[in-house]
Amino acid sequence: MMSRRHVLGGAVGTLALCKPLRTQGAPVQPFPRGFVWGASTSSYQIEGAVTDDGRGKSIWDVFSHTPGKTKHGDTGDVACDHYHRWHEDIEFASRAGFGAYRFSTSWPRILPAGTGAIEQRGLDFYDRLVDGLIARGIAPWLCLYHWDLPQILQDQGGWLNRAIAQKFADYGRVVARRLGDRVKHWAMLNEPNVHALLGHGMGVHAPGLTGLANMLAALHHLNLAQGVALQALRAERSDLILGTVLSLQPARPSSSSDEDHRAAERFDAMWNGACLDPLFRGSYPASVSADFAPRIMDGDLVTTRQRLDYLGVNYYSPMYIAHTPQSPLGAWFGVTPPGMASTAMGWPIDPTGLTEGLIRLRDHYGNPDIYVTENGACFTDSLDAEGTVRDGKRIAYLSDHLAAAQAALTSGVKLRGYFVWSLLDNFEWEEGYSRRFGVVHVDFKTLKRTPKSSYQWLAQTIHATSHHHR
Ligand code: FCB
């Protein structure tokens, strides 16, 4: 662990842009010219307005409205009401100096029936958002799928039905035809591994399916859909910068036992390898290829392997894995090393896991251009008497992870940018509104936004470590 003390040196109340960064320990070092600073969000987690402008239902509407599925029965019905308050939200992005903003489009807002008829009012919303971002000098980074599948497609098997691949590509084309003249950075999927495992294997995320067979089918069809959509968008316009977003977290054995070592290797192959290898190599990792074999049809692994303009990496934490026969993979999260700090999610904090994942891409996947598309932390934040949120632990987390990103850069990783998760506190899936990841605090009763100390700190960091080319 980092030895420095993680104390925010006094409140950073205002944007004192020229003062040195007020954290203890080494300040964040300058990043290369052109390094992109961004903030990340996703549609279902912030938009609300679930019945506005002809939007169809998504699997998350249905899941969150099913009793017992989310903490306190929370749903995304209102969320941050970003659909109506996007103006204010992108102002926060602009004032912090972010040069990029990553959001996702909601498939059921644009194609309420999943395919076919286009809801122009849904596209109009993203059109306004994109223009608003560009007017503020912020590059829009669009992700086509952050887990909110139209429920109507779920009723036809969703990601278990391989017909989804073409439907996803068709949806991608619809969005690209409307926004491709202004949106240059595209991500196909957000974290197919998490969606497959938590949503289709463990049942704790929408659509709530369980079992190894479902997880494997979902993951293979996500990989396939990603490949088909990359081809479709590349054919649609040649000027798009195309990528996808994976959650890459090292899997470490929870103990020194052989069983836990084997469990960690299997988990790594399923979580990291089963997304990376089909995309970069056109194969599944040898140790799990027999699991996937029944799902693979001729040509699939040619389709999954696509040239990428960039890879998005989401990183939060290393995973400590134990032999767990009763779980679908035979492996699941075990105890973390004694004394290791963790966030309010219970996720162990270790920035070296970020460096490790990035170096793995350098050494084993052809050293692609990479953006960290999500990194951030959940802590129990509260507004103090002066109405500010002094989230020194989040600042320490961010600064340590930026240092870890620097370490990767220094060793030759082609890291081109860093996006914080998240701009706003939001609907954290099955945890509802109980888990705050934002650098801007949201009061979910009044929907009032209040920038946290981490927001001010990031604004200073962006200013101090970039080359003022905005
Ligand atoms: C990632 C998700 C994002 C958010 C963060 C905390 O796995 O992509 O939506 O939930 O975790």
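These legends describe close-up views of a predicted model. Residues are numbered from 1 along each chain as its sequence is written. Local features need pLDDT of at least 70, side-chain atom pairs count only at pLDDT 80 or more, totals for chains, interfaces and linings use all residues, and side-chain values use heavy atoms, with hydrogens and water left out.

**View 1. The residues around the ligand.** The shell includes Gln45, His146, Trp147, Tyr316 and Phe437. By class, five are nonpolar, three polar and three charged. Here Ala, Val, Leu, Ile, Met, Phe, Trp, Tyr, Cys and Pro count as nonpolar, Asp, Glu, Lys and Arg as charged, and the others, Gly among them, as polar.

**View 2. Polar side chains at the ligand.** A polar side-chain atom of Asn190 lies 3.0 Å from a ligand oxygen. For Glu374, the distance from a polar side-chain atom to a ligand oxygen is 3.1 Å. In Glu428, a side-chain N or O atom is 2.8 Å from an oxygen atom of the ligand. The protein buries 95% of the 300 Å² that the ligand exposes when taken alone (Shrake-Rupley method, 1.4 Å probe).

**View 3. A salt bridge between Arg109 and Glu47.** Side chains of opposite charge can pair when their charged atoms come close. Arg109 and Glu47 meet in a salt bridge, 2.7 Å from N to O. The two residues are 62 apart and link distant parts of the chain. Arg109 is in helix α4 (residues 107-110), while Glu47 is in the loop between α1 (43-46) and α2 (59-64). The count of salt bridges comes to 37. The rule asks for a side-chain nitrogen of Lys or Arg within 4 Å of a carboxyl oxygen of Asp or Glu.

**View 4. Two cis peptide bonds.** The bond from Ala206 to Pro207 is cis, with omega near 5°. Pro207 is in the loop between α8 (192-201) and α9 (212-236). The bond from Trp421 to Ser422 is also cis, with omega near 5°. Ser422 is in the loop between β11 (415-421) and β12 (440-442). Helices (H or I, at least four residues) and strands (E, at least two) are DSSP runs, numbered from the N terminus. Trp421 is also one of the residues around the ligand.

Terms used
Near = heavy atom within 4 Å. Polar contact = N/O pair within 3.5 Å; in protein donor to acceptor, adjacent residues only side chain to side chain.
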